[in-house]
Amino acid sequence: MKKTQIFYFTGSGNSLVVAEETAKRIRNTELIEISSALEKEHLKTNANTIGFVFPCHGLTIPIPVKRFLQQLSMKKALYIFAVCTRGGSAFIGFDTISKILKKKHKHLNASFIIDMPNNDPKVKDYNEVTYKDIELFHKNMHQKLDLLESVIAAKEEYEDNIEGERISKNKAVNKLLEWLVPFALHNAAPKVSRYFYAGDDCIGCSTCEKICPSHKISLKDSKPVWDNKKDCYMCYACLNYCPIETIQINSKFYMKSYTKDHGRYHHPEITAQDMMDR
């Protein structure tokens, strides 16, 4: 058994890049993808040091990450750290992790925030990412990973700054939304229906079917169908890795979706095949 195990979840490839770069800095480390691990009947680790790498979803941790943490047996863990990649929003998910770990008589020793390109093209102010942007993000990523490496090597306690863009400028409204959005993500979002759809120009390549981490998508008459009986992890992998950008978010469902007007983002170093092989 590896001395260190890093469990990761990714939808755009950002968190996979961070997980891989983190593993390079910590000796004797094994990378494990969370959505695939969730398919196992018993989840257990004997690693002494455990890390979790994931994107910010709705201000908090992604659906599969929460489920994985709740199910994972980690009795031999002596040091636990978490790394959140985000597009700039505030993040309140470390408290959620701490509460789950407390029930297991464990403690989140270190938490890190790493800003990466935004992969949410449904929002009005979405900006397409350039290679210069990515270079800057990578520079900042490596600086944060230098810190992470030293903290973990010394087994220190560390809490990163979680501040970022807020949903509302009104404090009272913002406080309500910061409870409501994570609640909706983990309770309503998995069962959502007709959130995504494919345009008439879909070529039936099956990329979305193969890349979906919850196996919610299947092809019928060479067109993707989202199975309402299976949970959606809201990772947007199907949206961002569609080779012709035909998958959209339903404007009627989301009030106003700008995916038709915007481009897409996935990390340029992570291909669709890399995502399928995770």
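## Salt bridges across the model

A search through the whole structure turns up eight salt bridges. Please keep in mind that this is a predicted model.

## Asp231 and its two partners

Let us begin with Asp231. Its side chain meets that of Arg67 in a salt bridge, with 2.8 Å from N to O. This pair links distant parts of the chain: Arg67 belongs to helix α3 (residues 63-71), while Asp231 sits in the loop between β9 (223-226) and α8 (237-241), and the two are 164 residues apart. Arg67 has a relative accessible area of 25%, so it counts as partly exposed. Asp231, with a relative accessible area of 15%, is buried, because buried means under 20%.

Asp231 also forms a salt bridge with Lys191, where the closest N and O atoms are 2.8 Å apart. Here too, distant parts of the chain are linked: Lys191 is found in the loop between α6 and β7 (196-198), 40 residues from Asp231. Lys191 has a relative accessible area of 53% and is therefore exposed, since the exposed class covers values over 50%.

## A network and a buried pair

Another pair to find in the structure is Asp120 and Lys122. Their salt bridge brings the closest N and O atoms to 2.7 Å apart. Are these two residues buried or exposed? Both Asp120 and Lys122 are buried.

## A nonpolar patch on the surface

Now turn to the surface. Leu176, Trp179, Leu180 and Phe183 make a nonpolar patch there of about 430 Å². One of these residues, Leu176, lies in helix α6, which covers residues 171-187. Leu176 counts as exposed because its relative accessibility is 52%, and the cut-off for exposed is over 50%.

## His138 in helix α5

The last stop is His138, a residue of helix α5 (residues 131-153). With a relative accessible area of 15%, His138 is buried. Which residues does His138 touch, leaving aside those up to four places away in sequence? They are Val17, His267 and Glu269.

How values were computed
Residues are numbered from 1 along each chain as its sequence is written. This is a predicted model: local features need pLDDT of at least 70, side-chain atom pairs count only at pLDDT 80 or more; totals for chains, interfaces and linings use all residues. Side-chain values use heavy atoms; hydrogens and water are left out. Patches are made of residues with over 30% relative accessible area and no salt bridge: like charges are joined within 9 Å, nonpolar side chains (Val, Leu, Ile, Met, Phe, Trp, Tyr) within 5 Å. Accessible areas come from the Shrake-Rupley method with a 1.4 Å probe; for residues, only the protein chains shown count as cover. A salt bridge is a side-chain nitrogen of Lys or Arg within 4 Å of a carboxyl oxygen of Asp or Glu. Helices (H or I, at least four residues) and strands (E, at least two) are DSSP runs, numbered from the N terminus. Buried means under 20% relative accessible area, exposed over 50%, partly exposed in between (1.4 Å probe, protein chains only). Contact means heavy atoms within 4.5 Å.
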